[in-house]
Amino acid sequence: MDYTDEHLSRILKTTKVVACVGVSTNPVRPSYYVARYLTLKGYTVIGVNPGHAGKMLFGQTIAASLSDIPKDAGIDMVDIFRRPDAVPAIVEEALESLPRLRTIWMQIGVIHTEAAAQAEAAGKIVIQDRCPKIEYQRLFGELRMGGFNTGVISSKL
């Protein structure tokens with residue numbers, strides 16, 4: 001799973017609408033701040049979490065499942081914040097219900113070889129064990145030496 005910077009950059013530049021599977025409404029959870037960050041960068045992010053279905057997050061209604069997202073939402077990428085054993089069902093549902101899907105992105109620590117092969121066989125791009133927020137920051141100049149954003153540095157959480 002060695003992805004070139006050009007490959008990752010192309011995905012991030014061409015993606016417009018992201019379904020974030022496993023999103024949380026808790027601001028201290030990684031799925032929340034990744035979804036928030038992507039929204040701030042101009043992406044439309046639709047959260048997917050049955051425990052929060054119907055709630056609003058970043059101007060979008062959270063869906064219970066990928067198949068509950070309207071077909072005209074134009075999902076380009078699915079970002080998966082779930083354990084690896086949940087990935088096959090997510091990939092299968094994404095392939096069946098998202099007509100514009102181009103990319104399946106699995107978060108750091110999420111790897112599933114068989115589900116990745118299924119998505120690739122269906123013509124989809126698959127990224128595993130990476131975070132789009134971190135890659136965006138790294139590729140588009142928001143991280144500097146030591147990995148710090150050169151904005152305001154504070155000891156506050």
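This is a predicted model: local features need pLDDT of at least 70, side-chain atom pairs count only at pLDDT 80 or more; totals for chains, interfaces and linings use all residues.
Residues are numbered from 1 along each chain as its sequence is written, and side-chain values use heavy atoms, with hydrogens and water left out.

The protein has five helices and seven strands, where helices (H or I, at least four residues) and strands (E, at least two) are DSSP runs numbered from the N terminus. Along the sequence these elements follow the pattern α-β-α-β-β-β-β-α-β-α-β-α. The C-alpha atoms fill a box of roughly 45 × 35 × 25 Å, taken along the principal axes.

Helix 1 (residues 5–14) packs against helix 5 (residues 132–139) at an angle of about 110 degrees, with the axes 10 Å apart; axes are lines fitted to C-alpha atoms, for helices over the stretch in contact, and angles run from 0 to 180 degrees between N-to-C directions. The two helices are therefore roughly perpendicular to each other, a term for angles of 65 to 115 degrees. On the side of helix 1, Asp5, Leu8, Ser9 and Leu12 meet Pro132, Glu135, Tyr136, Arg138 and Leu139 of helix 5, contact meaning heavy atoms within 4.5 Å. The residues of this contact divide into five nonpolar, one polar and three charged, with Ala, Val, Leu, Ile, Met, Phe, Trp, Tyr, Cys and Pro counted as nonpolar, Asp, Glu, Lys and Arg as charged, and the others, Gly among them, as polar.

Note on methods
Angles under 35 degrees count as roughly parallel, over 145 as roughly antiparallel, 65 to 115 as roughly perpendicular and the rest as oblique.
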